[in-house]
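Please read the following briefing alongside the sequence and the coordinates. It is arranged by topic, with each cut-off given where its term comes up.

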Amino acid sequence: MKTEMMAAVLYGKEHLRVEPVAVPKIGGGDILVRVKAALTCGTDVKVFLRGYHARMIVPPAVLGHELAGDVVEVGEDVTRYRLGQRVVAANSAPCYACYYCRRGAENLCENLLFNNGAYAEFIRIPARIVENNTYEIPDHVGYQDAALAEPLACVLRGVEETLVRPDDTLAVIGLGPIGLMFVRLAKVYGARVIALGRRKPQLDRALRMGADEVITVTDGVDPARAVRQLTGGRGADAAVEAVGTPATWEMAVHMVRKGGKVNFFGGCPSESRITLDTSVLHYSEITCKASFHHTPAHMRRAMDVISAGNISAQDFVKGEEPLTNLLEVMRYLTSHNGHLKTAIIP
Ligand SMILES: [Zn+2]
Ligand SMILES: [Zn+2]
């Protein structure tokens, strides 16, 4: 077994170095995974720009959280996994003891244990994640497909909390990987989908994912009015905001019908504020909610969706890059919001 490996260590704001570090040592309940694919994610880009994430990562630390790989070492207490197994491990696991966990809201767990370190040759999966949030990859599913499970689990939860009936019309604002997953899953659910984006390639991708209509958001267009025009003047049954800007949060509220639901899915920069018209909320009975993270049940369901072929890397992953190119990839993504994922192959 090697004792040193290459890993991408975040030191602070836009300060990332791919360098040799010690291979993590595992405890009795842990496993060690040889990373075969680690996917880039908007959250990584945010953390890269900001230099830290209050809840998820404190530098210096190895970055990356969407991964799939092979089990290469198992702790002496691990019974469910064996050497050579292909696995996906989620980036967190709940405690199952706190107020929220007891109410089935494991995504809000007060002691959510986060795990980062996917941009490395090896990653330690801590016991709690091994026990509650690690999944074997079916033989017919590739590593890059499987690594989509984590963002997909977040979106599955979002769809579940937003759509009520299969004949709902859903407006999806923002067509990066997350928005596109919403488009695809809403179509699988049976809904009619109106996709809103700025760039032609994104709109084309939304159509390939099954969007019924697309609206090109440009400076002269009122997106809310465009959605109303496509829904008999009423507005969509639900809208999902998957951009993460105050302007699009506000826009989403004007896109739904009376009694409609808005899901603020995209996280805005901290300290952001929005302004809402109280009469619209009141007289139209708009439900506003947000979605954060996922639960183990949604991770399991995400694996089923991937296994069934409904979400695959060919639609969400644009190319492969070696770990040594991660800094360039991150820099590129900072100026290309909503770009597809890159598979980092350490
Ligand atoms: Zn992610
Ligand atoms: Zn908990």
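Strand 11 (residues 169-173) pairs with strand 14 (residues 236-241) in the parallel sense over 4 bridges, where strands are DSSP runs of E with at least two residues and helices are DSSP runs of H or I with at least four, both numbered from the N terminus, and where two strands pair if DSSP finds at least two bridges between them. The model is a predicted one, in which local features need pLDDT of at least 70 and side-chain atom pairs count only at pLDDT 80 or more, while totals for chains, interfaces and linings use all residues. Side-chain values use heavy atoms, with hydrogens and water left out, residues are numbered from 1 along each chain as its sequence is written, and chains are lettered from A and ligands numbered from 1 in the order in which they are written.

**The parallel sheet and its helices**

**The zinc site and the cysteines**

- The zinc ion (ligand 2) is coordinated at 2.3 to 2.4 Å by the SG atoms of Cys-95, Cys-98, Cys-101 and Cys-109, donors being N, O and S atoms within 2.8 Å of the metal (3.2 Å for Na, K and Ca), and sites may look incomplete since water is not among the atoms.
- Along the chain, the donors of this zinc ion follow the spacing C-x2-C-x2-C-x7-C.
- The 4 donor atoms subtend angles of 100 to 118° around the zinc ion, which makes the arrangement tetrahedral, a label given to four donors if all angles lie between 85 and 135 degrees.
- Cys-109 is buried at a relative accessible area of 1% and Cys-101 is buried at 7%, where buried means under 20% relative accessible area, exposed over 50% and partly exposed in between (1.4 Å probe, protein chains only).
- A search of the whole structure finds 0 disulfides, a disulfide being a pair of cysteine sulfur atoms within 2.5 Å.
- Cys-268 is in no disulfide, and its nearest cysteine sulfur, that of Cys-288, is 13 Å away.

**A buried alanine**

- Ala-38 is found in strand 3 (residues 31-39) and is buried, at 0% relative accessibility.
- Not counting residues up to four places away in sequence, Ala-38 touches Glu-66, Leu-67, Ala-118, Tyr-119, Thr-342, Ala-343 and Ile-344.

**Backbone details in loops**

- A cis peptide bond with omega of about -5° joins Pro-59 and Pro-60, and Pro-60 is found in the loop between helix 1 (42-50) and strand 4 (61-62).
- Glu-14, in the loop between strand 1 (4-12) and strand 2 (15-22), has a positive phi near 50° although it is a residue other than glycine, and Glu-14 is partly exposed at 42%.
- His-293, in the loop between strand 16 and helix 11 (296-307), has a positive phi near 65°, and His-293 is buried at 8%.

How values were computed: Four donors count as tetrahedral if all angles lie between 85 and 135 degrees; four count as square planar and six as octahedral if opposite donors are over 155 degrees apart and all others between 65 and 115; anything else is irregular. Contact means heavy atoms within 4.5 Å.
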